[in-house]
Amino acid sequence: MIASKGVKNMLSISDILIRSISGYVFIVPVLLLYFLYLKKSGRKQSFLHITAVFVFCYYLFGILTVAGIGYTSTMSFSPKISLIPFLGMITGPIDTILNLILFVPLGVFLPFLYKRYHHIKTVALTGFLFSLSVEIVQMFGWGSSDINDLIINTAGACLGYWIYYLLSKALPNNFRKKLQSENVNGTVEVLLFVIYIFMVMVTVQPWVIHDVLNIG
């Protein structure tokens, strides 16, 4: 999941912020139109839920940025795959911890935003599939694919779910209800968000970054 060593060395914190923001600006108008559509169709969402979705989508952009997706405007199928489980967790403990932390918010956001994710099995499956998608995309010149990433990222999502579980017991019911989506298929909505974000990251964003940072 974490970008390859060469990419990481070139990405400072400021670059990561610029890259994630440059991609995020392409989803803001789409989200506004989407929630306007829901309102027009009688499925108006609470302001708290809408705000949380905007934060959630920025978080998704952040994950893909750290993973090195869309680092350059060129694509070439050059997979670097590691299929030996658990070995990388020992030889690269820092990356393992970072990958774990990176997916914790996913396990928190999903059940807070959507009723469909109130079970850890659903969160774990979503974390696994999202991580798998990133690993596949990384085969096109944006990093290396590692089976350990699938394991640790899924574990991170599960850890996030348990954090959600503890928080949900402490937060008022009214607050949790306002965070939930109303009359919306959560699975479809998340899938659409992820697909669109991937599209922006691998198409439009690299060209914008080239102009802003003069690299790529």
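Student: Helices are DSSP runs of H or I with at least four residues, strands are runs of E with at least two, and both are numbered from the N terminus; so where does Asn-183 lie?

Tutor: Asn-183 lies in the loop between helix 9 (173-179) and helix 10 (186-202). This is a predicted model, in which local features need pLDDT of at least 70 and side-chain atom pairs count only at pLDDT 80 or more, while totals for chains, interfaces and linings use all residues. Residues are numbered from 1 along each chain as its sequence is written, and side-chain values use heavy atoms, with hydrogens and water left out.

Student: OK, and what about the phi of Asn-183?

Tutor: Asn-183 has a positive phi of about 55 degrees, although Asn-183 is not a glycine. Most residues other than glycine have a negative phi.

Student: Is Asn-183 buried or exposed?

Tutor: Asn-183 counts as exposed because its relative accessibility is 60%; buried means under 20% relative accessible area, exposed over 50%, and partly exposed in between, with a 1.4 Å probe and protein chains only.

Student: How much of the chain is buried, then?

Tutor: Buried residues make up 44% of the 216 residues in the protein chain.

Student: Changing topic, how many helices and strands are there?

Tutor: The protein chain has eleven helices and two strands, and from the N terminus on the elements run α-α-α-α-β-α-α-α-β-α-α-α-α.

Student: At what angle do helix 2 and helix 4 pack?

Tutor: Helix 2 (residues 13-24) and helix 4 (residues 47-66) pack at an angle of about 130 degrees, and their axes are 9 Å apart. Axes are lines fitted to C-alpha atoms, for helices over the stretch in contact, and angles run from 0 to 180 degrees between N-to-C directions. That angle makes helix 2 oblique to helix 4, since angles under 35 degrees count as roughly parallel, over 145 as roughly antiparallel, 65 to 115 as roughly perpendicular and the rest as oblique.

Student: Which residues make that contact between helix 2 and helix 4?

Tutor: Among them are Ile-16, Leu-17 and Tyr-24 of helix 2, along with Phe-54, Phe-61 and Thr-65 of helix 4, where contact means heavy atoms within 4.5 Å. By class, the contact of helix 2 with helix 4 has nine nonpolar, four polar and one charged residues; Ala, Val, Leu, Ile, Met, Phe, Trp, Tyr, Cys and Pro count as nonpolar, Asp, Glu, Lys and Arg as charged, and the others, Gly among them, as polar.

Student: And how far apart are the axes of helix 6 and helix 8?

Tutor: The axes of helix 6 (residues 93-113) and helix 8 (residues 147-170) are 6 Å apart, at an angle of about 45 degrees, which means helix 6 is oblique to helix 8.
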